[in-house]
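My notes follow in the order I looked things up.

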Amino acid sequence: MSILNARSLVVGVFLLCLASCATPPQTRLMLGSPPASLPRHTELAKVPYFAQDAYQCGPASLAMSLNTVGFSVTPETLKPELYLPDRHGSLQVEMLAAARRNGAVAYQLAPELNDVLHEIAAGTPVVVLQNLAFSWYPVWHYAVVIGYDLDRAEIILRSGPEQRQVLPMRTFEYTWARSNYWAMVAMPPGKIPETADANSFIAAVSALEKISGTERVQSTYIAALKRWPGNLSAQIGAGNAAYQLHDLTRAEAAFRQAAHDHPDSVAALNNLAQTLSDQARYEEALEAAHQAVNLGGPLAQTAQQTLADIERAMKK
Amino acid sequence: MTQQYSRFMRWTSRVVMLSMLAMGLPMQSAFAVMVDTNQAVSHELAGQDRAKISAFLDRADVLAQLQKQGVTANEAKARVYALTDDEAHNIAGKLDKLPAGGDGVLGVLLTIFIVLLITDILGFTKVFPFTHSINRR
């Protein structure tokens with residue numbers, strides 16, 4: 001090794017040591033001013049542990065998460081649903097999709113340590129993607145966050161071969177930040193993540209509805225409407241679910257409320273018009289349909305067709 | 001000859017694609033013209049013909065890529081079906097480059113091994129189960 005090389009190595013190590021005293025931003029914020037809503041220490045000891053076979057951290061992590069909320073799956077049953085043999089790993093979107101295939105609402109959390117810890121405090125384990133090494137030499141790895149300790153500045157995980165891995169919070173953040181703070185939870189029917197955003201959550205429910213049918217998600221829509229009564233997505237979602245299940249009274253109520261709270265929503269007015277038309281209440285339906293058409297926008301075509309359908313039905 | 005053949009194939013595949021799309025399109029409006037929940041949430045043009053075609057193409061690409069990565073044809077179909085349009089769009093064309101969590105620490109070169117060992121100890125990385133960070137905060 002030349003002198004120059006040796007010197008740059010020394011400087012490099014020195015810089016690394018300096019940097020190691022620094023704390024990454026989310027950890028610093030969490031430890032510096034922890035939210036009052038968060039207990040100092042939580043550990044979800046009941047989250048089951050599945051040891052992973054080679055490269056199977058995706059199926060293993062998802063199995064732990066799903067079993068905790070009542071879905072009986074094993075890493076072996078999940079493997080064909082999300083493992084990519086030639087990549088020796090699993091993709092993030094397929095983690096979400098596989099959770100859905102097994103009947104759970106798959107919700108991707110906001111990229112915030114704060115949200116992850118609040119989910120833990122609410123009893124929901126969180127699946128995270130870490131890059132254990134470097135951005136230029138990635139070692140991608142899924143693990144399940146099951147606890148934290150603010151006093152000891154620690155994160156507790158079920159991770160690969162370790163049933164209970166305790167990481168310094170800052171180390172966890174370094175490894176997690178390299179996946180852009182990717183985190184997900186799997187929720188059973190009727191349950192909403194503590195930190196869920198209304199629109200993102202309804203989108204997640206609707207994704208499950210598409211592959212598993214409306215019946216499976218109806219209780220979730222009802223719960224969502226209860227949690228976010230004035231939210232347009234929740235109102236439309238609950239209304240559509242009721243409509244699909246032929247509960248026109250409940251559907252009408254949801255759409256009416258939506259049209260009242262959001263008078264510029266073509267979706268609310270259009271669906272209200274259709275629901276009224278189905279009950280042969282054509283005059284009211286016509287009024288709503290006209291309002292929808294007059295609003296224009298990207299859904300105008302749909303509104304026009306609804307109007308035409310109602311006019312045709314009236315002539316019969 | 002080959003060129004003619006590939007042109008024929010291209011057109012055939014387009015015709016097949018469009019007819020498959022056409023089969024799917026009028027089904028929804030046969031009963032009622034509801035704005036579905038996904039459409040209402042995304043506020044995009046989801047559900048419109050152009051969006052449907054691009055979603056279809058994304059899915060076709062993901063289906064092919066999954067099989068290329070070693071997933072059986074049947075399973076690949078089921079996996080594509082479970083994706084949302086947005087998800088399919090986000091991974092179409094880059095299945096081989098996206099992060100695939102698998103924890104493969106095998107084949108780490110010696111230099112990288114040493115660097116990782118140091119950074120593990122400093123708490124920037126956590127590759128090896130036997131390391132303990134020196135610095136807790």
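First, a term I need below: I call two strands paired if DSSP finds at least two bridges between them. I also note that this is a predicted model.

**Contact between strands of the two chains.** I looked for pairing across the chain boundary. Strand β3 of chain A, residues 89–91, is joined by two bridges to strand β1 of chain B, residues 100–101. That count meets the cut-off, so I take the two strands as paired. They run antiparallel. Which residue stands opposite A:Ser90 in β1(B)? I found B:Gly101 there.

**The other side of β3(A).** I then checked the neighbour within chain A. β2(A) and β3(A) also pair, antiparallel, over two bridges. Here A:Tyr83 stands opposite A:Ser90.

I wrote down the strand order as β2(A)-β3(A)-β1(B). This is an open sheet of three strands, with antiparallel pairing.

**The wider interface.** Next I counted contacts between the chains. On chain A, 66 residues are in contact with 45 residues of chain B. Which helix of chain A gives the most to that side? It is helix α5, residues 92–101, with seven residues. I sorted this side of chain A by class as well: 33 residues are nonpolar, 23 polar and 10 charged.

**Chain A on its own.** I stepped back to the whole chain. I listed 14 helices and nine strands in chain A. The domain assignment gives domain 1 as 18–187 and domain 2 as 214–315. How far apart are the C-alpha centres of the two domains? I have 39 Å.

**Overall dimensions.** I compared chain A with a compact globule. For 316 residues the globule would have a radius of gyration near 20 Å, whereas chain A has 25 Å. Along the principal axes, its C-alpha atoms fill a box of roughly 95 × 40 × 40 Å.

**Packing.** Last, I looked at burial and contacts. Buried residues make up 51% of the 316 in chain A. Of the contacts in chain A with a separation of 6 or more, 58% are between residues 24 or more positions apart.

Terms used: Residues numbered from 1 in each chain as written. Chains lettered and ligands numbered in written order. Predicted model: local features only at pLDDT ≥ 70, side-chain atom pairs only at ≥ 80, totals over all residues. Helix = DSSP H or I, 4+ residues; strand = E, 2+ residues; numbered from the N terminus. Rg over C-alpha atoms; globule rule 2.2 N^0.38 Å. Buried ≥ 20, exposed ≤ 12 C-beta atoms within 10 Å, placed from the backbone. Contact = placed C-beta atoms within 7 Å. Nonpolar A, V, L, I, M, F, W, Y, C, P; charged D, E, K, R; others polar. Domains from an automatic or database assignment.
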